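What can be said about its sheets, helices, domains and chain contact?

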Amino acid sequence: MFTTGSKMFLGATTLSVVAAVVFAASQGGAVGLMSTVGLVTAVIIFAFLAGINFFTRDGNTPSMQQGVEQTSSAAQAPVGRSMWPLGAAVGIGGLIVGAVSKPVVFKVSVVVLLAAIVEWMVQGWSERASADHRYNANVRSRMLNALEFPILATIGAGAVVYAFSRVLLTANPDAGRWIFVVIGALVVTGGFLLAGGRTTPKGTVAAICTISAVALMGVGVASAISGQRTIHPHPVIDDPSQKALCLEGGEGEVDEHASQDVSLKSSVVANIYLQEDGDLVALINGYSGIEYHELTVPRSARLGVIFHNDSGEAQRLTGRFGTFPDQPEAVSCTTAVHPGKSAYLGFEIPKTNAASSTPLEFIVPGVDGATIQIVVP
Amino acid sequence: MAVAAFAAAVLFAGCAQDAPQDTFQPKGPNARTIDDVQRPLFYVAGIVGLIVFAVIGYSIIRFKDRGQDMPEQTHGKTWLEVTLTVIPAVILAGVAIPTVAAVFDLDDKSNECVINVTGQQWWWEYDYSGTCGGVEITQPIVTSGELVIPADTPVLLRITSRDVIHSYWIPALNGKRDAVPGRLQTLRMEADEPGIYTGQCTEFCGLSHARMRQAAVALSTADFQTWVTNQLAAYVAPEAGTLAATGEGTFVNQCSRCHQVNGLVAADGTPVLAEPDLYVVAGAAPNLTNLMTRTAIAGWTFDLLTDACREQLWNASPEEFGSLYLQGVWMNSGPDATKPVCFAEATLRDWLRDPAAMKPNYASPDQVASTGGLTRGMPNLNLTEDQIDQLIAFLLERK
């Protein structure tokens, strides 16, 4: 009465029901609730698929033909050995090792065990789908290749991308640009030539791709071992012991390793410009084109400004963020910024400026009158 | 039968009239821009969906395995593949043109008013400064729950968050915009006419996400001027010897650690400044200076107006809406009234008695261990009934 496919989904439905009941009874809290919701969803999906398979009689299995019940006996012997019991054993072993060592081993083992169980289950089912071994292999491929190919491709592509990222993180920024350009050009050129050449054997293409991927991953591993270069995305001085550095005039140090190019321009509260004449103005997000000397910000919100140094010498932007009861004055600043360059300064002011005994303001130390008042309602 | 009943319920749900958050009822130019794109797309997608479902249903029933011979198997039919590629491509291109145009239209930042909008668990704060719709705002105004804006005026919201990601959405006026800690995003609002337009946080943000609501209240320019003037009015202390005066002291002792009332001074004459950064994870709590000008509390979840007054306000014509709204809970009470007719006192009383019972939060002692004692909502202050009476008397004068 039940077709082979619907039997499998009915089994999965039953298993999901049991798992949902056990999980709901044994696990509490948000994790338990969400997991139970997931398992109940699985019950609904498997039951739906069982119904579809039953109604369509597995889509293309002519099970109503005369005599098919003899030739597709479920009692037929398996085709051959399976590697999946070994995979499941490795997964279980990993679970035990991971439980007493590192969580990552445990998590990877869970994935290995689940993959082995699914592969093993589908292989076992497919080998008894009919008496035709070739047809059975085809059924297995149709079931699992849709999962296997994207997952393996994702893992492969992820490994290549990850290896490439390690290379770029190790190389200095200038070399990184050239590496990106050269490898990108090689890939595009190679792809173009291969696509245009009708006589290139598939084996040659596969060999080139495999060797390239292995070489890239090898360099990636070497780069990862070497370690990534030091990156200074937003050099900010906020160490209280260096407060004097923020408040004193002159060029001070310039962080030559920092990019001094900031691209986060659409999500800051204001862009602050030190102009050639020494005036400090804010172009506030939302107030198009108007130069302000006052900036209103909400309290206790992490916000940021971008400092643009349009003067002729290296300067820093310093934020004086208030002196509140029982606390020293909160001060932070960018490192000195080269002319024509920019830097990001993040800040958070916990209280209204009415509670501060010192003014809240942005200043450029050593430049008289370069001030923007900060208002915190 | 059950399937038919379910389908009918879903179908008839679309006929709801009292649905203030219906995305198909735009009440401003920005929402209308979205509607002009989504409505035709909805029809096209609906027709395509119906066709797909019909073909699949027909195929399942018509070609069900009844023991018939396997049909001829073919691979590759160029004209069909080209057709099935070109048709979706043409449809998508047709969709892309108005969509991209609408995206650029909505990105327009020209405005006559800028308001900071800050989200936190689980309420929205608004602060105003500068000029708004021609109305001068001489001192910053901080309020919560209700975004009060001048009608027929483009307003630019600058949205951020103090704790986790939230999303600001008032469907009648515009689409959604995420409020992300450390980032500031803009969203333009404009209402055609005075009225109240409701919304809801649409990014899951924790335990009381469902109770993080908001509203935009649009007023005529004259009414908005009145609202601003009232918000900036100097603090008037309760008359000595009254219950409200006692409530002022209770407020200073119990509430002012987190809640600011502008102009409030301590017994020694120093300003009382709230320090929510010491008690709340987000570092902020609603400013209660003009609490009774708002129509709801606690993340705009619980009405401060009685049901009848709420209905009256929500159904008011654009011409009479402003005058009703500006009276707050004192609506219908007359100039000499000592007790507001429209005040849903039981709601505020229940809230002061035990906030967590009305709105789940992380404020009980056993829940704040991981945050160093900082709460994510209003804790139960274990107020006595006398203290609640005093606080209500004091808060009723914050109008």
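Two strands pair if DSSP finds at least two bridges between them. Helices (H or I, at least four residues) and strands (E, at least two) are DSSP runs, numbered from the N terminus. This is a predicted model: local features need pLDDT of at least 70, side-chain atom pairs count only at pLDDT 80 or more, and totals for chains, interfaces and linings use all residues. Residues are numbered from 1 along each chain as its sequence is written, with chains lettered from A and ligands numbered from 1 in the order in which they are written.

Q: In what order do the strands of the 3-stranded open sheet of chain B lie?
A: The pairing in this sheet is mixed. Strand 4 (146–150) and strand 9 (195–200) of chain B each have a single partner strand, so they stand at the edges. The order is 4-10-9.

Q: Which residue is the bridge partner of I149(B) in strand 10 of chain B?
A: Strand 4 of chain B and strand 10 of chain B pair in the parallel sense. For I149(B), the partner in strand 10 of chain B is A218(B).

Q: Which strands stand at the edges of the 5-stranded sheet of chain B?
A: This open sheet has the order 3-2-1-5-8, with mixed pairing. Each edge strand has a single partner, so one side of each is left without a neighbour in the sheet. The edge strands are strand 3 and strand 8 of chain B.

Q: Which residue in strand 3 of chain B does G130(B) stand opposite?
A: Strand 2 and strand 3 of chain B run antiparallel. They are joined by 7 bridges. Opposite G130(B) stands I137(B).

Q: Are helix 2 and helix 3 of chain B roughly parallel or roughly antiparallel to each other?
A: The axes of helix 2 (residues 29–62) and helix 3 (residues 78–106) of chain B come within 9 Å and cross at roughly 170 degrees. Axes are lines fitted to C-alpha atoms, for helices over the stretch in contact, and angles run from 0 to 180 degrees between N-to-C directions. Angles under 35 degrees count as roughly parallel, over 145 as roughly antiparallel, 65 to 115 as roughly perpendicular and the rest as oblique. The two helices of chain B are therefore roughly antiparallel.

Q: How many nonpolar residues does the contact of helix 2 with helix 3 of chain B have?
A: Helix 2 of chain B contributes residues including I34(B), V37(B) and L41(B), and helix 3 of chain B contributes residues including I91(B), V95(B) and P98(B). Two residues are in contact if their C-beta atoms, placed from the backbone, lie within 7 Å. Ala, Val, Leu, Ile, Met, Phe, Trp, Tyr, Cys and Pro count as nonpolar, Asp, Glu, Lys and Arg as charged, and the others, Gly among them, as polar. The contact has 3 polar residues, 1 charged and, as nonpolar, 9.

Q: How many residues of domain 2 of chain B are in contact with domain 1 of chain B?
A: Domain bounds come from an automatic or database domain assignment. Chain B is divided into domain 1 (114–231) and domain 2 (243–304 + 344–396), with C-alpha centres 22 Å apart. Domain 1 of chain B gives 22 residues to the contact, and domain 2 of chain B gives 20.

Q: How many residues does chain A give to the contact with chain B?
A: Chain B gives 33 residues. Elements of chain B with two or more residues on that side include strand 1 (114–120) and strand 5 (155–161). That side divides into 12 nonpolar, 11 polar and 10 charged residues. From chain A, the number is 27.

Q: Is Q260(B) buried or exposed?
A: Q260(B) sits in the loop between helix 5 (243–254) and strand 11 (296–297) of chain B. A residue is buried if 20 or more other C-beta atoms lie within 10 Å of its own, exposed if 12 or fewer, and partly exposed in between, with C-beta atoms placed from the backbone. Q260(B) has 25 C-beta neighbours inside 10 Å, so this residue counts as buried.

Q: In strand 9 of chain A, which residue is the bridge partner of H308(A)?
A: Strand 9 (residues 342–347) of chain A is mostly covered, with 5 of its 6 residues buried. Strand 6 (residues 303–309) of chain A runs antiparallel to strand 9 of chain A, joined by 6 bridges. The partner of H308(A) is S342(A).
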